[in-house]
Structure formats: structure tokens, C-alpha cells
Amino acid sequence: MKYQLSVLCCLWMTLTWAQRNFDDVEITSEQLTDNIYVLFGAGGNMGLAVGEEYAYLIDDQFAPLSEKIQSAIAQITDKPLRFLVNTHWHGDHVGGNKNFAEAGAIIVANENVRKRMSTSQERRGQMTKPSPYKALPQITFTDAVTLHLNKDESMHVMHVNDAHTDGDSYIYFPESNVIHMGDNFFSSYPYIDLESGGNIDGLIQNFSMALAIVDEETKIIRGHGKVANKQDLQEFHDIIKAIRDRVSGALADGKSLDEVIAMKPSEEWDAQYGQGFINGTALVTTIYNSLKNN
Ligand SMILES: [Zn+2]
């Protein structure tokens, strides 16, 4: 079962990434506050903050989209893009790094983003080669770093628990009440990349931490999907935790992976959340393997 899944997922990734044509992709933006925006295109959602002197970008999708992203930013601000923050190392979030660095951006990320980008990585049976030097984060941090947008506003880049990968960061704008949660938060079931150090319990702890930070007014940028609010995050937390607890209980009872899958622990939410590239079976399999490795 696991083999079939990984082959299917691998095939999906290969088809969608290798044959993807970006010509038709349009970069659109949504203004969240006076100076913070979310940009949508193909790949992970980007955050854009306009500071006193510079523009700050969070993630950069795929390399063929860099010019379009630069045009979309130019429509919003004429400030130079000085800092680029990566939420994690996956290609749909860092694909444009080299282009943006060559255009003058300094890339900031957790140290594990640089470690994974600078070495060969095997994921879902597919190898990702090391990125060129220019694409790597020039500034890395272990726990957190704060960038000051102007005299009043800041962006906190916080490394969180191993969840989607071991290099995940949340980017929180406390004065503006906006947070970018990277790929910890999707509008469909989460992808816990075990091969990149992901972990189900870390993910749930990160949700709890985010829930303690946000309030009813907070604009939450997800890695993929529409802008969300606290209620959406609470619901997502509750569902993923419920599925995790069911799988954990079955594991404690000595059930095998096939037996746990047959119990359909995610069934009532599959129609709403399991229609993306992580379906109920894929999620349950990953949670099972993550708990087993803990
Ligand atoms: Zn990702």
C-alpha cells in the first residue's frame, strides 16, 4: 500500500512539475493591511510586506515565475526587494531564490532550509539535487530573527517544531496582526514530509502555539489556499488532532498500518479535506509512520 501510494504521488509530482507550463499563470494579490499583501500564483502563497525603505517577500514559488512576481510586486511598491524569507525548503516555495538573489535580495531562513537545499534530498522516490550557491539562504538562524520594517512594525521569523519539515518557520507581524504559517496550514489535509524531518506531533503543537498567538482579527496566510482566520485554524487543529488520536489509539492496540487504514479514521472529513494530493489514506499512513518513528 505504501509502495503504491509513493509511486502514485511520485508520478503526480513528476507529471505536474516536469510538464508544467507556467505561461498561463497569473500572479494576483490581496491586500491584508496598509502594507502587507498575499500574492497567489502557482506554488506556495507568498507574503509581501512594504517597509520604510525596502520590500520584504516571503517565499517565491517556481523559477519561471520570478519575472511575473517581480512585476506584481512593482505594481504594489517601488521599494527595492531587499529581504526574502523562506518558510521551508520545498521547491514550490524556494524555486525563485536564485533569481531574486541575483536581483539583490538577501535570503533568510532557518538553518535546516540551507542544509537541505545544499545537499541531495530524496523525497517520494525522487532526488532533488543541491541548489546552486546563489539560491541558498545567506542568513540562517536557529530559533528566531526579527526584521524591522519601519519604526513601528516588525516581522518575527520563528522556527517552529518539526512539522511539515524540520526547517519550518512562521512569519508573524505582531503590530499588523498577520501571520504566514507556510505549509503547516493548507485548505486540505496536511502533507507531513517525513523524509524532510516532518512530524505529526510537532504539527499539532505548532497549531496550538499559533492559536495562542492569533486572535479573531488575525489574517492567516496558509501555504496553499485562501487567507484564513482563527476559526479555520481551530477547526483544522481539531480535525487533525482527532485523526492523530484515533491512529495513536489503534497503534497502541497493536494494529498494523493496513488495519488502521481499514478503520477509516479520517472518513467523516475526507470529502472536505481529502480531495487534494493528500487523501485520507495518505494522511493516515503518514500519521501512523510518524507516530511509529517517535
Ligand atoms: Zn512544502
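Begin by selecting strand 4 together with strand 5 (residues 81–85), which pair in the parallel sense over 4 bridges; strands here are DSSP runs of E of at least two residues, and helices are runs of H or I of at least four, both numbered from the N terminus, while two strands pair if DSSP finds at least two bridges between them. Residues are numbered from 1 along each chain as its sequence is written. The model on the screen is predicted, and for that reason local features need pLDDT of at least 70 and side-chain atom pairs count only at pLDDT 80 or more, whereas totals for chains, interfaces and linings use all residues.

Within this pair, show Leu57 and look across to strand 5, where its bridge partner is Leu84. Then colour strand 4 (residues 55–58) by face: Ala55 and Leu57 on one side, and Tyr56 and Ile58 on the other, are all buried, a residue being buried if 20 or more other C-beta atoms, placed from the backbone, lie within 10 Å of its own.

A hairpin leads from strand 3 to strand 4 through 4 residues, and Val50 stands opposite Ala55 in strand 4.

Move on to the open sheet of 5 strands, whose order is 10-11-12-13-14 and whose pairing is mixed. Its edges are strand 10 (144–148) and strand 14 (219–221), each of which pairs on one side only. From one strand to the next the twist averages 15°. Zoom in on strand 13 (residues 178–180), which runs parallel to strand 14 and is joined to it by 3 bridges; here Ile179 stands opposite Ile220 in strand 14.

Finally, select helix 6 (residues 200–213) and helix 7 (residues 230–252), whose axes come within 10 Å and cross at roughly 155°; axes are lines fitted to C-alpha atoms, for helices over the stretch in contact, and angles run from 0 to 180 degrees between N-to-C directions. Helix 6 and helix 7 are therefore roughly antiparallel to each other, a description that applies to angles over 145 degrees. To see the contact, display Ile200, Leu203, Ile204, Phe207, Ala210 and Leu211 in helix 6, which meet Lys230, Leu233, Gln234, His237, Ile240, Lys241 and Arg244 in helix 7; residues are in contact if their C-beta atoms, placed from the backbone, lie within 7 Å. The residues of this contact divide into 8 nonpolar, 2 polar and 3 charged, where Ala, Val, Leu, Ile, Met, Phe, Trp, Tyr, Cys and Pro count as nonpolar, Asp, Glu, Lys and Arg as charged, and the others, Gly among them, as polar.

How values were computed: Parallel < 35°, antiparallel > 145°, perpendicular 65-115°, else oblique. Contact = placed C-beta atoms within 7 Å. Buried ≥ 20, exposed ≤ 12 C-beta atoms within 10 Å, placed from the backbone.
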